[in-house]
Amino acid sequence: MDFLLTEENRMWRARARDVAEKVVRPLSWKYDRLQQYPWEIKDALVEAGLFGVWIPKEYGGHGGGVLNLCIVVEELSRCCGGVGVLFAVNALGSFPILVGGTEEQKKKWLPRIAQGKTLIAFGLSEKNAGSDAGGMSCRATQDGEHYVLNGAKKWNTNGGAADLYSIFCVTDPESKSRRISALLVEKGTPGFKIGKVEDKMGIRCVPVVELEFENCRVPRANLLGGEPGYGFRHSMQTLDLARPGVAAQAVGLATGALELAQVYANKREQFGAPISSFQMVQAMLADMATKVEAARQLVYAAARAADTVTCAIIRSRSSCATRRSFRSTKARIRSSGWSSRETSSRRRTS
Ligand SMILES: Cc1cc2nc3c(=O)[nH]c(=O)nc-3n(C[C@H](O)[C@H](O)[C@H](O)COP(=O)(O)OP(=O)(O)OC[C@H]3O[C@@H](n4cnc5c(N)ncnc54)[C@H](O)[C@@H]3O)c2cc1C
């Protein structure tokens, strides 16, 4: 089905496959076992120009959008699921800036993320707020030109390795629809520390940790979008853009597993012949290949739809940052065929 891909898509696939085969595959076993962040792999991904594939050109990226992001994630995950996550989580962390940041915030952070100089993480989930993300309790109160952040985040992928964190928190506990905002919190901010580090069964080369905030003073300039109350909306828009990337990890892993199964079936001999010569084994491999290809096409279709939505959101956000602009964003998104039903009661099931 490669004929559905553009020249640009094929270029990203080739580039990602090259670094995945030469650098990721030989090293993945080591870092998975050690459960350590593979800085040498991250440097190789930066060197290959893969960071920022999803970031628009005007902010120093390659303008490849969600589809090319998925293609890169798929290729990396084909060799190591952990490296696929390590890479994709930077898109997850930066999507809030892309969909909700002010022009100044985009210009300040996105070029650095595109160059791989700033690693970013996404902090939404809490111990008691998983699928029900809107039920979070992490709290930020305004104090002059700062927000004072208190509380904790759970399951933070890239935590500890990242330099910047999109942290969703309650800024108006009384409000039903404008309760949550997002703050961009820099590593090293006093009152911010890394808590428990999870010991995981898989994707072990990328850390998943708890984040703790105790009277952590974050400059008001780091309030995403410059206006409080839009955090939940931005978090849901972020997840809509990031989910195809998660599915691309699964497609990449499945592709890698299928390839290994083929190698094994050709090598393993029973009754004097490779087991791949037996009809039922061939049928199993054919079924696997069919399912993987179907999943791939579904992911690409979702990514293409997400790219349409991103364009609508970015155009709206860059033109104005007031309440009115959100109404026009909504209208544009609807006209692009994407209906975000963001309400305070919307549930997340990831
Ligand atoms: C390895 C890993 C990395 C992660 N990285 C991040 C990260 O970087 N940033 C971040 O913010 N979060 C992260 N998460 C958190 C992840 O997004 C949550 O695990 C997810 O939102 C689900 O929350 P939960 O685990 O608390 O499950 P729960 O919300 O407790 O759900 C438990 C089960 O109940 C089901 N369920 C819940 N509500 C409903 C309902 N209304 N109807 C029917 N079924 C329902 C769920 O589908 C699930 O099967 C990560 C999690 C893991 C495991």
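Notes on the source. The model is predicted, so local features need pLDDT of at least 70 and side-chain atom pairs count only at pLDDT 80 or more, while totals for chains, interfaces and linings use all residues. Residues are numbered from 1 along each chain as its sequence is written.

Whole chain. I find eight helices and nine strands; helices (H or I, at least four residues) and strands (E, at least two) are DSSP runs, numbered from the N terminus. I call a residue buried if 20 or more other C-beta atoms lie within 10 Å of its own, exposed if 12 or fewer, and partly exposed in between. By that count 44% of the 350 residues are buried. Among contacts between residues at least 6 apart in sequence, 73% join residues at least 24 apart.

Core. A nonpolar core here is a set of buried Ala, Val, Leu, Ile, Met, Phe, Trp, Tyr and Cys residues joined through C-beta atoms within 7 Å. The largest one has 89 residues, and C70, V72, L76 and L183 touch the most other members. Helix α4 (residues 81-100) gives the largest share of this core, twelve residues.

Helix α1 against α3. I looked up the packing of α1 (residues 7-34) and α3 (residues 65-79): the angle is about 25 degrees and the axes are 8 Å apart. Axes are lines fitted to C-alpha atoms, for helices over the stretch in contact, and angles run from 0 to 180 degrees between N-to-C directions. Angles under 35 degrees count as roughly parallel, over 145 as roughly antiparallel, 65 to 115 as roughly perpendicular and the rest as oblique. The two helices α1 and α3 are therefore roughly parallel. Among the residues that meet are W12, A16 and V24 in α1, and I71, V72 and L76 in α3. The residues of this contact divide into nine nonpolar, three polar and seven charged. For these classes, Ala, Val, Leu, Ile, Met, Phe, Trp, Tyr, Cys and Pro count as nonpolar, Asp, Glu, Lys and Arg as charged, and the others, Gly among them, as polar.

Helix α3 against α4. The angle between α3 and α4 is about 155 degrees, with axes 7 Å apart. That makes the pair α3 and α4 roughly antiparallel. In this contact L69, V72, V73, L76 and S77 of α3 meet G81, V83, G84, F87, A88 and A91 of α4.

Y59. This residue lies in the loop between α2 (39-47) and α3. Y59 counts as buried because it has 23 C-beta neighbours inside 10 Å. Y59 and K107 are 48 residues apart in sequence and 6.1 Å apart in space, C-alpha to C-alpha. Leaving aside neighbours within four places in sequence, the contacts of Y59 are K106, K107, L110, P111 and A114.

Positive phi. Most residues other than glycine have a negative phi. I looked up Q35, in the loop between α1 and α2, and its phi is near 55 degrees, a positive value. W155, in strand β3 (residues 146-157), has a positive phi of about 55 degrees. Q35 is partly exposed, with 16 other C-beta atoms within 10 Å. W155 counts as partly exposed, with 16 C-beta neighbours inside 10 Å.

Notes
Two residues are in contact if their C-beta atoms, placed from the backbone, lie within 7 Å.
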